[in-house]
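Colleague: Please take a close look at one helix pairing in this chain. Start with the chain as a whole, then go down to the residues in contact.

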Amino acid sequence: MTGSPEASRKRTRADRQPRYSEASTSARGMTTRSRSQSIAQPATHLECTPGVSGSIHKAARTSAGRMPTKSSLEEAQTDSEASETEDVEEKEPDLNDVVLTSKLISELASDSDIATKLELVFSDPCTLARSFPQLDPVLAAKCPVDVTDVCKMYTFLFARASDELLEDLRSLTISTISMMDSDPCDEHDNQMNAILILLLNPKITDYAHEYGAFAFPELCSAILALTPGQRMALMQYFASAGGSVSCERRAASLTSAAPVAAVPPAATTTTTIVSASPLESVVSTGFALTDASGEDIAPFWHYIRTFQSYITRETNRVARRATATPASVEVLSQKVCLQHLSTCSVPVVAQCLALMNSYNNTHKLVPYSAFYNDAVNEHIDVVDDVPRFRVPESMSFCSYPFLLSPTTKSEVIKAESGIMMRTELQDSFFRAMFSGVTCPYLVLEVRRDSLVRDTLYQLDLKLSQDLRKQLKVRFVGEEGVDEGGVQKEFFQLIVRDVFSSKYGIFKANEESQYHWFIPQANPTPDALEEMRLTGQLIGLAVYNAVILDMHFPPALYKKLLGIRVDRDDLKEVDPSLYHGLAQLMLLSAEELEYMERTFEVEYDDMGQLRTHELIPNGAHTMLTVDNREVFFDKYVDFVFNSSCARQFTEFKAGFDRICSMSYVRFMRPQELELLVCGCSDLDFGALEGATIYDGGYSKDAQVIQHFWKVVGEFSDELKRKLLSFATSSDRVPIGGLGKLHFVIAKNGGDSDRLPTSHTCFNVLLLPEYSTIDKLRERLLTAIHNSEGFGMI
């Protein structure tokens, strides 16, 4: 089944002939199901002429069990005329007697018979699509292909077929894919069904033409060539697939091919999903393998893994090829950008995965982290990829944000900020030549006892271009030079003040501890100005890669990204209010009538009790069984939108003043929250493993072992104080403490000196204390008295 690529592409349905001519005669007695017939052939009809049901039209649309020839059509016509003359009513065969395509193939005695059958099944996309129709009406409404039958066929072939027969399958599959471009199926539904069947082949991403190019991107191109409606239907097939699971799960224990991690079996219980690349990092504890309606979502995992596996393999291949270069450039060559992968059509495959991601965003079938690609996140060359992303028509992994983990996205934002900072620095020097000297940095001089007032006043005077400069903070009366550490403490202190009750900007819910805007019907201009500058502060922190100790709910990050909030967000912000509204949904009509509740809500506006109508004429609209769902939704809208519309508008305007053109707009709300607030996991074991030792220390030094033993005994509060002492921030970066650049350096021999730190560079200076008790006492004294900066 081999030949030149040109011959393969020019091959048409008309000239496709069986390879094994001797077996052709015997193959005429075999049949598969035809979608045009809507049913399969019963076992008792195997010896009859296949596909003949009393009309020439039906005979011409027989399944791949036997391609109709001129003689068979004549026989069909004769049989049709005879049946009409005798006026014999044809009966639908019993579905219990249907012989599936996979069963027909598995019962064939020789490779030649199987090869002939495969040639008929894979003769063209339409025939392939009609060979596996779903006969169960309930399952057919979800997916017209009998995925179980398809998987059984592939399982049989990969478990028992010879190498020559598997090569025939590869060649036939590639030829069928090529037809989708050169000779597409007349019926678009058949085209979709054929794509679905081909994607169920567990080796589909490995098939390559004789000239070396992989066929899988061509299949992806066929998907992208579908109309938007057809692509949406295909995604629905991916999600349901007739309730079946992947072929790999069935064939994993049978095939001798390279192992592929199986999709977790369908279950109503929750599970932890850990699969081989590209999903090896996806751990979804508590995520059920069924959707909200109880449907099995395992097929969706299979198709995600199929597209991801191709991207993973090609990314790793290019990275390995890069590391084969001379040692002098080995480290740099390990990084790749999408431009390097354009020759293997990775962008086309990524676009198909983008369709699945978009569908998943709407239907929430699997965790969004299932789309992260470990190989891409490991090998992406952020320095090279980010500039390409900013150039129209250029190829960049950044164009597919669903592939990138939060850690990678934070690196992208850092790279973006670095480019803009350098640009503003160069422009400052250039402007100095013509219009006078301007400061190349955004400098804030603040007093510790007037942080908020000094900061907001100075930011109000800055131009937009000044806010894109690198930030430098100086505390009045202190000698510290800001190389990163001073600004981290500055943000930590000012956020603490902004969220305090004395400013009245935000209010914390006593139950959830989340902060939200204080409802105000007519906020003063000064209050709105403070809100706008608060948004700028958060934008500055993101721009300068500083993590903040804030407690905003996920709803805020949704609103910043333009995503609609819902009832679940209210449950997180105010659990008691959500519970009360949920109880209204359970009351009877009589109980609601007794409550005499209208579409109004009362709230405290700076000490004054105000009333807000949830709908027009809400004061005269009674709450009933018929409108209580509307009441719930309108109440949620009031909490998150109406009650703070003007405040949030100013807050977002301040944030967007700095981040509107940033890669932040491509993040998910959960990822943005990680970017702003960092992780919550204080894994000091990971920090110990990533720590660098300097000045004569090593991980085996006695004082170092004493240090980690003492730190291991600390409470979480003390651990955060240690982080603040050494780095000026008690927040954990995205990716965990293992991503923190932390250095412990020797600071002399045994003495009574306290440990000190260079917070700008995350360096802890530790004397070589003689005993563990002395180290504990000196370290605790240092971290409890660590506010302020000086010159060492």
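Modeller: Contacts between residues 24 or more positions apart make up 72% of the contacts in the protein chain with a separation of 6 or more. The model is predicted. The protein chain holds 35 helices and twelve strands. Of its 792 residues, 50% count as buried.

Now the pairing. Two packed helices are described by the angle between their axes and the distance between the axes. Helix H33 covers residues 702-712, and helix H35 covers residues 772-783. They pack at an angle of about 60°, and their axes lie 10 Å apart. That angle makes H33 oblique to H35. The crossing of H33 past H35 is right-handed.

Next, the residues. H33 brings Val703, His706, Phe707, Lys709, Val710 and Val711 to the contact. H35 answers with Ile772, Leu775, Arg776 and Leu779. By class, the contact of H33 with H35 has seven nonpolar residues, one polar and two charged.

For reference, take a second pair. Helix H24 (residues 525-543) packs on helix H30 (residues 645-659) at about 35°, with axes 7 Å apart. H24 and H30 also make a right-handed crossing. Residues of H24 in this contact include Leu528, Met531, Gly535 and Gly539. On H30, Phe651, Gly654, Phe655 and Ile658 are among them. The contact of H24 with H30 divides into ten nonpolar, six polar and four charged residues.

Notes. Residues are numbered from 1 along each chain as its sequence is written. This is a predicted model: local features need pLDDT of at least 70, side-chain atom pairs count only at pLDDT 80 or more; totals for chains, interfaces and linings use all residues. Side-chain values use heavy atoms; hydrogens and water are left out. Axes are lines fitted to C-alpha atoms, for helices over the stretch in contact, and angles run from 0 to 180 degrees between N-to-C directions. Helices (H or I, at least four residues) and strands (E, at least two) are DSSP runs, numbered from the N terminus. Angles under 35 degrees count as roughly parallel, over 145 as roughly antiparallel, 65 to 115 as roughly perpendicular and the rest as oblique. A crossing is left-handed if the near helix is turned anticlockwise from the far one by less than a right angle, and right-handed if clockwise. Contact means heavy atoms within 4.5 Å. Ala, Val, Leu, Ile, Met, Phe, Trp, Tyr, Cys and Pro count as nonpolar, Asp, Glu, Lys and Arg as charged, and the others, Gly among them, as polar. Buried means under 20% relative accessible area, exposed over 50%, partly exposed in between (1.4 Å probe, protein chains only).
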